[in-house]
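User: I would like to go through this structure with you, beginning with the ligand. Could you guide me?

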Amino acid sequence: MSESIDVPKINLAFLPTPLEALHTLSRVLGGPELWIKRDDQTGLAFGGNKVRKLEFLLADARENEAELLITRGAYQSNHCRQTAAAAAKSGFGCKLVLSGGHPKDVTGNLLLDGLFGAEMVWSGERDPEEVLVETFETADLHGLKPYLIPYGGSNELGVYAYAKAMEELHLQDSSFDRIVFASSSGGTQAGLILGAHLTGFEGDILGISVDEKTSALQARIANLVNSTAQWLGVEFNIEPDAVSVDDGYLGEGYAKVSNLEREAIRDFAQQEGILLDPVYTGRAAGGLMSLIRRGEIEGDERVLFWHTGGTPALFVYGEGLIVR
Ligand SMILES: *Cc1c(COP(=O)(O)O)cnc(C)c1O
């Protein structure tokens with residue numbers, strides 16, 4: 001990516017993350033040659049994909065002389081947990097706007113948010129984005145030097161982080177026909193698409209949507225790709241239609257765990273000793289395996305599953321995982 005500008009970053013992640021072959025799972029499925037990119041092993045606080053984005057977001061916060069990081073997410077947000085940990089490590093305060101009301105059980109990511117010393121604001125019945133903006137403005141008014149990290153860390157800096165991740169993959173092995181992963185706020189997918197353009201990767205970059213219809217997610221991702229390319233001075237512009245999204249695995253909706261996710265979690269655990277999460281990677285892996293079984297992903301392909309993290313949520317949504 002020699003044409004890109006030098007974007008400041010702070011080191012938070014263990015990089016490069018490992019790239020491993022999934023020998024047993026490939027054999028059991030009798031399908032394509034499966035590989036996995038372990039961004040669940042980015043190192044900070046149980047890892048995950050947000051750590052890569054936070055390296056650039058926190059560098060920007062520091063450049064802006066901010067002292068308090070503010071972001072938002074679901075009550076079991078992996079993004080919030082990684083932000084809280086990054087804030088603790090880098091000497092920022094952290095305020096999290098979490099959707100809904102305070103739950104009875106403080107476990108999984110929510111337990112870790114508290115452990116990292118983050119302050120929680122519950123949005124209750126209100127629109128969480130509205131509460132986020134209000135929280136930021138109040139902090140600003142009180143001179144707390146807040147820095148707003150967008151939902152999922154998905155702005156130009158977060159996208160750039162995943163363009164760099166694609167460059168990292170390129171140096172490891174990029175002869176894949178397809179990359180499959182969980183897609184939500186879109187920064188990861190936008191970055192992979194931009195990185196593919198910059199490194200000459202020609203395979204399919206398929207996001208399995210975890211909470212939105214295809215057209216809405218495609219539009220957001222195309223916007224993120226185009227605005228980031230423009231920001232970097234890279235000539236690249238895509239239409240929403242060019243973004244590969246599959247919304248066929250939404251089931252009952254976001255974080256509604258079904259047998260699709262449970263079976264994928266069990267398969268990865270029992271064939272490979274790898275932990276997936278119930279909300280994102282379990283759904284994406286379930287989608288991947290279903291596409292393989294239906295022959296939509298063919299047996300002669302080389303397929304990379306990009307693990308995006310989320311494993312602390314296993315302890316929240318564990319019901320029905322173990323079959324006896
Ligand atoms: C946030 C998250 C995603 C989605 O990444 P986006 O960049 O928001 O699309 C996928 N998997 C896990 C575990 C996540 O926490």
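User: How many residues surround the ligand, and which are the closest?
Analyst: There are 15 residues around the ligand, and the closest are Lys-50, Lys-53, Ser-185, Thr-188 and Thr-308. A residue is near a molecule if one of its heavy atoms lies within 4 Å of it. Please note that this is a predicted model, in which local features need pLDDT of at least 70 and side-chain atom pairs count only at pLDDT 80 or more, while totals for chains, interfaces and linings use all residues. Residues are numbered from 1 along each chain as its sequence is written, and side-chain values use heavy atoms, with hydrogens and water left out.

User: What kinds of residues make up the shell around the ligand, by class?
Analyst: The shell has 2 nonpolar, 11 polar and 2 charged residues. Here Ala, Val, Leu, Ile, Met, Phe, Trp, Tyr, Cys and Pro count as nonpolar, Asp, Glu, Lys and Arg as charged, and the others, Gly among them, as polar.

User: Which polar side-chain atom lies 2.7 Å from an oxygen atom of the ligand?
Analyst: That atom belongs to Lys-53. A polar contact is a pair of N or O atoms within 3.5 Å; within protein, one must be able to donate a hydrogen and the other to accept it, and residues adjacent in sequence count only if both atoms are side-chain atoms. In the side chain of Asn-78, an N or O atom is 3.1 Å from an oxygen atom of the ligand. Gly-186 takes part through its backbone, where an N or O atom lies 2.9 Å from a ligand oxygen.

User: How much of the ligand's accessible area does the protein cover?
Analyst: The protein covers 98% of the 380 Å² of accessible area that the ligand has on its own. Accessible areas come from the Shrake-Rupley method with a 1.4 Å probe; for residues, only the protein chains shown count as cover.

User: And what is the space taken by the ligand?
Analyst: That space is the largest cavity. On a 1 Å grid over the protein atoms alone, a cavity is a set of points where a 1.4 Å probe fits but cannot get out. A molecule sits in a cavity if more than half of its atoms lie within 2 Å of its grid points.

User: Which elements give two or more residues to the shell?
Analyst: They are α2 (50-63), β7 (178-183) and α7 (187-199). Helices (H or I, at least four residues) and strands (E, at least two) are DSSP runs, numbered from the N terminus.

User: Let us stay with α2. Is Ala-61 buried or exposed?
Analyst: Ala-61, which lies in helix α2, is buried because its relative accessible area is 0%. Buried means under 20% relative accessible area, exposed over 50%, and partly exposed in between (1.4 Å probe, protein chains only). Ala-61 and Pro-146 are 85 residues apart in sequence, and their C-alpha atoms are 8.6 Å apart in space.

User: Changing topic, which peptide bond is cis?
Analyst: The bond from Leu-15 to Pro-16 is cis, with omega near 0°. Pro-16 lies in the segment before β1 (19-21).

User: What about Phe-46 and its phi?
Analyst: Phe-46 has a phi near 75°, a positive value in a residue other than glycine. Phe-46 sits in the loop between β2 (33-38) and α2, and counts as exposed because its relative accessibility is 56%. Ala-255 is not a glycine either, and has a positive phi of about 65°. The loop between β9 (244-246) and α9 (259-272) holds Ala-255, which is buried at 15% relative accessible area.

User: Where is Tyr-280?
Analyst: Tyr-280 is in the loop between α9 and α10 (281-293), and with a relative accessible area of 17% this residue is buried. Although Tyr-280 and Ala-182 are 98 residues apart along the chain, their C-alpha atoms are separated by 5.5 Å.

How values were computed: 1 Å grid on protein atoms, 1.4 Å probe; cavity = no way out; pocket = protein on both sides within 12 Å on 5 of 7 lines; lining within 4 Å.
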